[in-house]
Amino acid sequence: MITNKPALVAEIRSRFAHVESCPFEGPRVFFENAGGALTLNSVVATSAKFAAIPDNQGRDNPAAHALVAFIDKAKEDMRVFFNAPKGQFFVGESGTELLFRLIRTAIVGTGPGRVLGSTLEHPATRSAARHWAEVAGKPHILVAHDDATGCVDAAAYAPQITPDTKVATILHTSPVTGMGVDVGAVAAEIRKVAPDCIIIVDGIQHAAHGRLDIASYDIDGYVVSPYKVFSRHGYGVAWISERLHAIKHEHLIDAPGNPWEFGTRDTGAYVTFSDVVDYFDWLGAQVSDATDRRARIVAAGEAIHQLEHELTHAMIHGIGNLKGLAEMEGVTILGGVDNPRREGLVSISVAGMDAPDVVTKLRTRGIRTHTRKADHYSGNILTPLGLDAAVRVSMCHYNSEAEVAQFLQAMREIIESAEVA
């Protein structure tokens with residue numbers, strides 16, 4: 001859909017800042033998208049524009065009224081992007097902070113019962129759930145993920161779901177293995193047994209890959225970090241259901257509407273998310289004939305998914321005369337070689353080589369990747385595999401087959417040099 005349209009690939013890449021070079025290091029291939037995706041040029045411009053505006057929302061002047069209108073528009077854009085006709089959106093300090101707030105509210109505000117999660121989850125949800133479950137005196141149960149596939153499914157959740165399950169957390173995509181979870185299927189399994197359970201989803205790693213559809217999930221909370229979906233650092237976006245909103249939560253005394261936001265939020269943050277939605281809308285128009293905005297956004301997500309599948313397939317199985325990772329001596333691919341759950345990310349270990357050394361050798365060859373260590377972030381995934389660390393190679397739809405080929409050539413050189421040594 002995209003790979004056979006070189007002009008479109010070039011146009012996509014032109015819309016992102018620093019797509020081919022680092023402002024500190026020079027030319028490089030950016031395969032560190034899971035750590036923070038590239039930023040849209042429109043987001044950069046919007047950030048500068050709104051950072052210069054001195055006015056605040058809620059005043060009796062044209063500037064204040066305009067700021068409120070921008071925020072209202074951004075929230076409507078979010079509804080279309082996430083397909084969430086009901087519930088409400090708001091922004092916070094970060095995705096992690098918002099997950100803590102939603103999980104805290106759900107656990108403290110519900111009656112006696114269990115809190116359910118999985119060992120696949122990022123500590124943003126696991127830490128919040130464990131902490132507030134202890135405070136509230138509720139057991140926190142973790143469903144074991146499958147080490148072989150790097151994922152967890154509804155069948156694994158099922159035995160642990162009880163009628164008194166009050167709160168459940170789900171990770172949409174793992175930032176370590178890159179595997180996506182069928183959120184709708186897991187939520188449906190929970191609803192069968194605990195229909196009133198508050199279900200909160202960490203969508204931080206998933207959002208950049210598109211195909212978001214909150215209306216189909218039957219959940220109560222969904223959180224993303226915009227810097228991982230082509231926007232910038234400094235804020236997070238949360239959606240909550242009417243049921244979660246009805247639970248008593250913190251806000252200023254006598255504040256109208258039981259708000260969730262604390263203090264005056266950055267209007268520019270909201271508007272930069274509109275930039276993200278506009279980009280998906282534009283991309284959808286390039287790959288489909290859809291006239292409806294939501295349909296274009298869906299088409300963009302499908303195109304992104306297909307392109308990232310092609311890129312990861314090339315990385316694993318080879319491209320041109322270059323061997324893929326699956327054929328390289330001593331390379332192990334986390335989650336298996338052919339895993340349909342994979343979303344633009346390949347994590348590997350190399351026998352006889354420390355992961356940080358591989359990352360450094362790749363960097364000296366112009367390839368930006370990242371080390372995931374068996375620490376408080378990734379130990380839940382790596383320790384059961386007997387790994388101290390792994391190399392995470394994360395792609396996005398603006399990456400190219402030529403960049404994959406450059407990576408495979410670099411990996412061949414690294415492995416061959418290690419064999420000679």
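**Reading burial and contacts**

Analyst: Thr-125 counts as buried, at 0% relative accessibility. This is a predicted model.

User: Where does Thr-125 lie?

Analyst: Thr-125 is part of helix α5, which spans residues 123-136.

User: Which residues does Thr-125 touch, leaving out those up to four places away in sequence?

Analyst: Thr-125 touches Leu-99, Ile-103, Thr-169 and Asp-202.

User: Now Ser-47. Is Ser-47 buried or exposed?

Analyst: Burial is read against a cut-off: under 20% relative accessible area means buried. Ser-47 has 18%, so Ser-47 is buried. Its place is in helix α2, residues 41-51.

User: What does the side chain of Ser-47 make a polar contact with?

Analyst: For a polar contact, look for a pair of N or O atoms within 3.5 Å. The side chain of Ser-47 makes one with the side chain of Arg-232, at 2.8 Å. A polar atom of the Ser-47 side chain also lies 2.9 Å from the backbone oxygen of Val-43.

User: Which residues is Ser-47 in contact with, leaving aside neighbours within four places in sequence?

Analyst: Ser-47 contacts Arg-232 and Thr-272.

User: How many residues has the largest nonpolar core?

Analyst: The largest nonpolar core has 133 residues. Phe-82, Phe-230 and Leu-325 have the most contacts inside it.

How values were computed. Residues are numbered from 1 along each chain as its sequence is written. This is a predicted model: local features need pLDDT of at least 70, side-chain atom pairs count only at pLDDT 80 or more; totals for chains, interfaces and linings use all residues. Side-chain values use heavy atoms; hydrogens and water are left out. A nonpolar core is a set of buried Ala, Val, Leu, Ile, Met, Phe, Trp, Tyr and Cys residues joined through side-chain atoms within 4.5 Å. Buried means under 20% relative accessible area, exposed over 50%, partly exposed in between (1.4 Å probe, protein chains only). Helices (H or I, at least four residues) and strands (E, at least two) are DSSP runs, numbered from the N terminus. A polar contact is a pair of N or O atoms within 3.5 Å; within protein, one must be able to donate a hydrogen and the other to accept it, and residues adjacent in sequence count only if both atoms are side-chain atoms. Contact means heavy atoms within 4.5 Å.
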